[in-house]
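Q: I'm new to this structure and would like a close look at its charged pairs. Could you walk me through them, and then show me what lies around them?

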Amino acid sequence: MILATLPLTTLQGAAWLFLVLVAVLYGLLALWRPVQMLAAPLLVAVGMIAVGICGLLGEPAWAVARFMRPDHYDLYLLLSILDTAAFVLGFEALRHLPLRARGEARDPPRRLLRLWAVVVVAAGFLAQTVFVLRSGGFAAFYASQHGTAGAWEETSAYLYLLPLALFPALYLLLADRRHRPGRAAPQGRIAGLLALLVLAFLLFQGIVFGNRADMIRLALIFAALFLLLREPGHADLLKAGLLALLGIAAVAVLPLLRDALHLGAEVGMAEALANATEIHPDVTGNTLYFAAAIVGVADARGVTDGGFAWLYPFVGMIPRALWPEKPYGAEWSINYEALLAPFVDWELAPGSAPTGIADAFLRFGWFSPLAWLVLGTIGGRLWRRTLERRTILAVGGLIGYLLALVYVVLQDFPAAFYQWLFFVAPLGGLALLERLAAVLGTTPAASAAIRAQEASEHDGKAGRPGGRGLRAVRPLPLCPARGGGPGRDRPHRPRDLDRGPDLCLGAGAGRARLRAAHAAFRP
């Protein structure tokens, strides 16, 4: 019905074909190597198709004629081609440049990781509890549609965004169990129960509010756990495939049933679906209509702000208590509604987003593909480093980038920045604590001695350090692995000394072994 009333032009057909070909190419690469399911160009192409193609085909013909001009759609699709091509170029071409050499890739000490995850979880639940109490209590808040009863305007963004840190905390707890299995202990069981508690809460809140963003975060976390932390087996691929299907279904269905999902909802599923699919003749929340109108009007008027609006996330981090007159995002730069009002005779639904294509064009005009080139370059470098290291923090950093990329494609760059910040900040805190523990726990000289001892053991030359200043070292005693049992003894590796308290002998014994490592070093 759409194709009969809006025939595809040559440009539109070429754009559709290009986006589909990019998605198919990376989809075939994912069949050959499943880890490519998380390749950034695949996410970009699928997102562009969802907005630029499905956003049109899923609409009745009268709505397309009412809300979108064909020339605006042509400009939007042309930018889709240019931006996607620039992103793929940056991702594929520049990621092959040499990386800066760094030290050995290692995971944070298990005890430190768990302790930090507990701290982050406690902070997230505390912030959520305070916000819910300010919003009238549990019943009032979770009985409102999409959290509309929340005290958003009266509460600092630091408070109501802090619960987003529960997602990286959940990732850390699950990644530790998957990446370093076989060390069952009471602390490990407690960490597992804590992960289940966090997961149950995030699923509850995401379903009750019909929040597809929460489902996207969880889908990225579990996909990375099964595909990136280590080479996936057949069972891992099956789990990742099932979770991907569940995630896609949740993202597609939850917003349609939002009216019937909150506590005490008086609307049934059928009525909620009818309400969600109803199209008002004068109001639209379709992202494609919004984005195409912005591109068309901005191009006709020559309106850009040189990227000024992208500075607002940094301004927004200044607490309003310190700057009571701090402008809101809509007041900082070009206002979308004020820009479109003289040129369209329809209104935008609350919460409408312009997409990254329109947002970048409104900042830089026809130079906007350069922003996508930079974004692709960053993604390519992160992708390569993650595949080389496969550490918990490296994979977590890539998840943060992919989450931001989803928001860039579907919303805009400022929203993507906040999502990236609240995901990677807890990971950065853990990395900082690890560095501090390494600096306070040992010296570079002792670290060099330990690494030299490991190298000599690996080559079968323990006790013959080759005149490098190391005395002969006795064979390392066996330390029962967590959980004990036959066949589960393992040598206590000296690298553990370089990463904090001794994992098998306790903190006091760890310090004794550390002093022994210092004594073995002869300047």
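A: Arg-114 counts as buried, at 14% relative accessibility; buried means under 20% relative accessible area, exposed over 50% and partly exposed in between, with a 1.4 Å probe and protein chains only. Arg-114 sits in helix H6 (residues 110-134) and Asp-176 in helix H9 (residues 166-179), so the pair links distant parts of the chain, 62 residues apart. Helices (H or I, at least four residues) and strands (E, at least two) are DSSP runs, numbered from the N terminus.

A word on the source: this is a predicted model, in which local features need pLDDT of at least 70 and side-chain atom pairs count only at pLDDT 80 or more, while totals for chains, interfaces and linings use all residues. Residues are numbered from 1 along each chain as its sequence is written, and side-chain values use heavy atoms, with hydrogens and water left out.

The structure holds nine salt bridges. Another of them joins Asp-214 and Arg-217, at 2.5 Å from N to O. Both belong to helix H11 (residues 212-227), and because they are three residues apart there, about one helical turn separates them. Asp-214 is buried, with a relative accessible area of 5%, and Arg-217 is buried at 5% relative accessibility.

Now turn to Arg-66, whose salt bridge with Asp-345 has its closest N and O atoms 2.8 Å apart. Arg-66 lies in helix H4 (residues 61-67), and Asp-345 in the loop between helix H17 (336-340) and strand S2 (347-348), so this pair ties together parts that are 279 residues apart in sequence. Arg-66 is partly exposed at 25% relative accessibility, whereas Asp-345 is exposed at 59%.

Finally, here is the nonpolar side of the picture. The largest nonpolar core has 125 residues, and Leu-38, Tyr-76, Tyr-171 and Trp-372 have the most contacts inside it. Such a core is a set of buried Ala, Val, Leu, Ile, Met, Phe, Trp, Tyr and Cys residues joined through side-chain atoms within 4.5 Å. Helix H20 (residues 392-410) gives the largest share of this core, 14 residues.

Definitions and conventions: Salt bridge = Lys/Arg side-chain N within 4 Å of Asp/Glu carboxyl O.
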